[in-house]
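Open the structure in your viewer and keep the sequence panel beside it. The stops below say what to select and what is there.

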Amino acid sequence: MIIGSSAPRGLLLAGAFICVFTFGAAAQQPANPPPAAAPAAAPAPLPPGSPLIGRPADNEAAAKLAPVAPPPIAAAPDKLPIAKLKVPPGFNIEVYAAGMANARSLAEGDKGTVFVGSRLVGNVYAIANKDGKRSVRTLASGLYRPNGVAFKNGTLYIAELSKVSKIDKVEDNLDASPKPTMIYDNLPKDEAHGWKFIAIGPDNKLYVPVGQPGNNVLHDDAHGQIRRMNLDGSGAEVIARGVRNTVGFDWNPETKQLYFTDNGRDWMSEDVPQDELNRITKVGEHFGAPYCLQGNIVDPEFGWGKSCSDYTAPVGLLGPHSAALGMRFYTGNMFPKAYKNAIIVARHGSWNRSKKVGGDVLVVKLNKDGTVKSTEPFITGFLENNSYIGRPVDVMQMKDGSLLVSDDWNGAVYRVTYGKPKVAAQ
């Protein structure tokens with residue numbers, strides 16, 4: 001008797017084939033397979049208030065846009081772009097003072113000293129005039145975003161990020177100025193739109209804005225407004241709301257109404273919204289932000305259920321993302337009569353736009369009802385081949401009727417006069 005498997009021959013052959021196939025397949029596998037690739041790390045979150053919050057994702061054009069960082073130091077006098085700046089016929093422009101890194105807001109003292117704030121370097125400068133010569137010195141240093149300066153009756157007021165201080169008898173102590181004394185500190189500490197322009201109104205009160213704490217945000221009642229207070233910091237009250245970020249205002253010499261520039265939001269489009277020129281006609285007006293933009297566009301994020309008719313519309317528009325900042329009514333007698341009581345506006349220039357706009361100074365003439373009649377270029381040339389060679393920040397009429405213009409890109413102040421150059425140089 002032969003003893004053997006009871007399995008059919010075909011099944012044995014099939015089993016042998018499977019073993020050979022399995023061994024061959026196993027032989028083709030690497031001894032140590034590589035680990036699976038780790039997922040790409042998520043980008044770090046942007047800090048609160050970052051101007052890049054809201055930038056459209058996966059958009060090649062938008063990815064190229066970001067705030068333009070200024071040079072870290074002031075330009076040498078022989079490197080200033082004065083020869084490239086253009087003014088209307090009959091006007092002259094010259095360098096008034098240089099060497100002030102990040103020169104921003106301007107104020108003039110009783111004795112002709114020009115005070116200059118800064119936003120990034122923590123300094124307040126003084127341009128002194130003595131015996132027909134000008135000299136620049138650092139009046140105060142180590143401050144935090146001392147952008148705003150105002151002067152009244154011998155006292156210099158300085159607005160930092162979250163407080164307002166003063167220096168009494170400042171022009172008597174330019175060489176050894178005492179430290180500023182704080183008069184008001186009930187202000188938010190948000191970096192976004194935290195730098196401040198300040199001015200003293202015809203009511204002898206100090207006006208201080210508080211911007212929105214981000215590009216386009218819903219915020220609490222302490223933001224998006226303009227306040228006014230007594231010169232000792234007491235009696236603060238809110239006089240306007242719906243203000244996104246104003247860095248310049250002045251009072252109409254005829255009506256005494258406050259006009260202010262206001263910067264529109266970013267990342268909605270390259271062409272809207274435009275910056276605004278607004279006018280306060282009564283305490284408590286709301287100017288729309290963040291619900292209504294440029295007076296006629298309901299914000300796509302926060303405007304649901306809102307109507308622009310519920311807010312005070314601007315009296316004029318100043319260009320998309322143009323960064324309209326410092327403004328003053330011209331009340332002097334040096335310029336031609338057509339400039340009397342017109343508004344001079346400095347436009348710092350856009351960054352949230354592929355083709356930049358602004359980087360200039362405008363003349364805004366008004367109708368009898370206080371609305372904008374016309375907008376004309378006054379100083380051009382800061383923007384060249386879509387790049388900045390200067391960026392105007394503030395304007396200020398001097399007592400002699402000439403006009404000063406600050407340039408934080410170059411750390412300089414320019415002076416504009418009218419008439420023959422030999423007269424302007426006196």
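Leaving aside its neighbours within four places in sequence, which residues is E108 in contact with? Select E108 and look around it: the contacts (heavy atoms within 4.5 Å) are T113, F151, M396, Q397, M398 and K399.

Before going on, note that this is a predicted model, in which local features need pLDDT of at least 70 and side-chain atom pairs count only at pLDDT 80 or more, while totals for chains, interfaces and linings use all residues. Residues are numbered from 1 along each chain as its sequence is written, and side-chain values use heavy atoms, with hydrogens and water left out.

**Stop 1: E108**

Stay on E108 and show the secondary structure. E108 belongs to strand β2, residues 103-108. Strands here are DSSP runs of E with at least two residues, helices are runs of H or I with at least four, and both are numbered from the N terminus. E108 counts as buried because its relative accessibility is 16%; buried means under 20% relative accessible area, exposed over 50%, and partly exposed in between, with a 1.4 Å probe and protein chains only.

E108 and F151 are 43 residues apart in sequence, yet their C-alpha atoms are 6.7 Å apart in space.

**Stop 2: N410**

Select N410, in the loop between β28 (403-407) and β29 (412-418). Is N410 buried or exposed? N410 is buried, because its relative accessible area is 6%.

Show the side chain of N410 together with I389 and D407. The N410 side chain reaches the backbone oxygen of I389 at 2.9 Å, and makes a polar contact of 2.7 Å with the side chain of D407. Not counting residues up to four places away in sequence, N410 touches A74, A75, L80, P81, I389 and G390.

**Stop 3: the disulfide**

How many disulfides does the structure hold? There is one, a disulfide being a pair of cysteine sulfur atoms within 2.5 Å. Select C292 and C308, whose sulfur atoms are 2.1 Å apart. The pair links distant parts of the chain, 16 residues apart: C292 sits in strand β18, and C308 in the loop between β19 (297-298) and β20 (316-320). The torsion about the S-S bond of C292 and C308 is about 110 degrees, so the disulfide is right-handed. Both cysteines, C292 and C308, are buried.

**Stop 4: backbone details**

Most residues other than glycine have a negative phi, and most peptide bonds are trans. The next selections depart from that pattern.

Select V272 and P273, which are joined by a cis peptide bond with omega of about -5 degrees. P273 is in the loop between β15 (258-262) and β16 (274-280). Next select A289 and P290, where the peptide bond is also cis, with omega near 0 degrees. P290 is in the loop between β17 (285-286) and β18 (292-293).

Move to N204, in the loop between β10 (199-200) and β11 (206-210). Phi of N204 is positive, near 65 degrees, and N204 counts as partly exposed because its relative accessibility is 36%. N386 has a positive phi too, near 65 degrees. N386 lies in the loop between β25 (383-384) and β26 (387-388) and, at 31% relative accessibility, counts as partly exposed.

**Stop 5: the cavities**

A cavity is a set of points on a 1 Å grid over the protein atoms alone where a 1.4 Å probe fits but cannot get out; lining residues have an atom within 4 Å of a point. Points are joined across faces, edges and corners, and a volume is the space filled by probe spheres set on them. By this rule there are two cavities of 30 Å³ or more.

The largest cavity holds about 80 Å³ of space. Select R244, N263, G264, E276 and A289, which are the closest to its centre among the 13 lining residues.

The second largest cavity has a volume of about 50 Å³. Its lining includes P188, D190, H193, K196 and H223.

Methods: 1 Å grid on protein atoms, 1.4 Å probe; cavity = no way out; pocket = protein on both sides within 12 Å on 5 of 7 lines; lining within 4 Å. Polar contact = N/O pair within 3.5 Å; in protein donor to acceptor, adjacent residues only side chain to side chain.
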